[in-house]
Amino acid sequence: MSAIPWFDDFEGVAYRYYDLRMNVVPLVSDRKESASIWHDTIRYWVDPSIKIRFVEIGDQYWFIMGADSQKPDTNMSFYKVLHKSENYERFKKGHGGEAYLRLGTYAHKELGDVKKDALCNCGHEARDHDENDNDECLYNKCDCKKFSTFQVNLLKRKKTITDIQFLEEKDVKDDPLVWNCFNANDFSVSE
């Protein structure tokens, strides 16, 4: 039997706080692919076996997720190297040892794709951008030259995760999931 493949072709991870449990949401850019990953892999995961590890190295962290599957031939594990963020830190402090796993889609949006009250990455609403001048922000002190934002949509299905750990680089060898991820993806651990 071959090793479980590692999947890192997703945009990042979103965290949602307003639910019974916090949500961990790997973001895929295509809704069809997101649904396919859930249907082919995650729905067969046994909830108590789902593990999520966060390995902090400097100002970045490795998101690593895997589980035992009822259908081993379609199983895969996930990893992504991401920059620490305010949302990550909030999840780290407030998850309480459990979370919901959901998948989501992440899409870039431009001025013509959103409502007037949508916020640009510069922090100003769409109505504050000039539609006739390359969507430039109308605020004098703003350097934004083009309206740009994103939209996150969550799939409805979810799994419960109760095995969540935050590790440092020195702890990698003590966790089989993390150790396998680092070895399979050619990341050397400093001694």
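Predicted model: local features only at pLDDT ≥ 70, side-chain atom pairs only at ≥ 80, totals over all residues.
Leaving aside its neighbours within four places in sequence, which residues is Glu-56 in contact with?

Residues are numbered from 1 along each chain as its sequence is written, and side-chain values use heavy atoms, with hydrogens and water left out.

Let's start with the overall picture. The protein chain has three helices and eleven strands; these are DSSP runs, with helices being H or I of at least four residues and strands being E of at least two, numbered from the N terminus. The C-alpha trace spans about 60 × 40 × 30 Å along its principal axes. Of the 191 residues, 43% are buried, where buried means under 20% relative accessible area, exposed over 50%, and partly exposed in between (1.4 Å probe, protein chains only).

Now back to Glu-56. You can find Glu-56 in strand S4, residues 51–57. Setting aside neighbours within four places, Glu-56 is in contact with Tyr-61, Lys-84, Tyr-88, Lys-92, Phe-166, Leu-167, Glu-168 and Glu-169; contact means heavy atoms within 4.5 Å. Is Glu-56 buried or exposed? Its relative accessible area is 16%, so Glu-56 counts as buried. Its side chain also makes a polar contact with the side chain of Lys-92, at 2.8 Å. A polar contact is a pair of N or O atoms within 3.5 Å; within protein, one must be able to donate a hydrogen and the other to accept it, and residues adjacent in sequence count only if both atoms are side-chain atoms.

On to the rings. The structure holds 17 aromatic pairs. Rings of Phe, Tyr and Trp (its six-membered ring) pair if their centres lie within 6.5 Å; planes under 30 degrees apart are stacked, over 60 edge-to-face, and the rest tilted. Take Phe-7 and Phe-78: their ring centres are 5.5 Å apart and their planes sit at 80°, so this pair is edge-to-face. The pair links distant parts of the chain, with Phe-7 in strand S1 (residues 6–7) and Phe-78 in strand S6 (residues 77–83), 71 residues apart. Both Phe-7 and Phe-78 are buried. For Phe-54 and Tyr-61, the centres are 6.0 Å apart and the planes at 50°, so that pair is tilted. Phe-54 and Tyr-61 are buried too.
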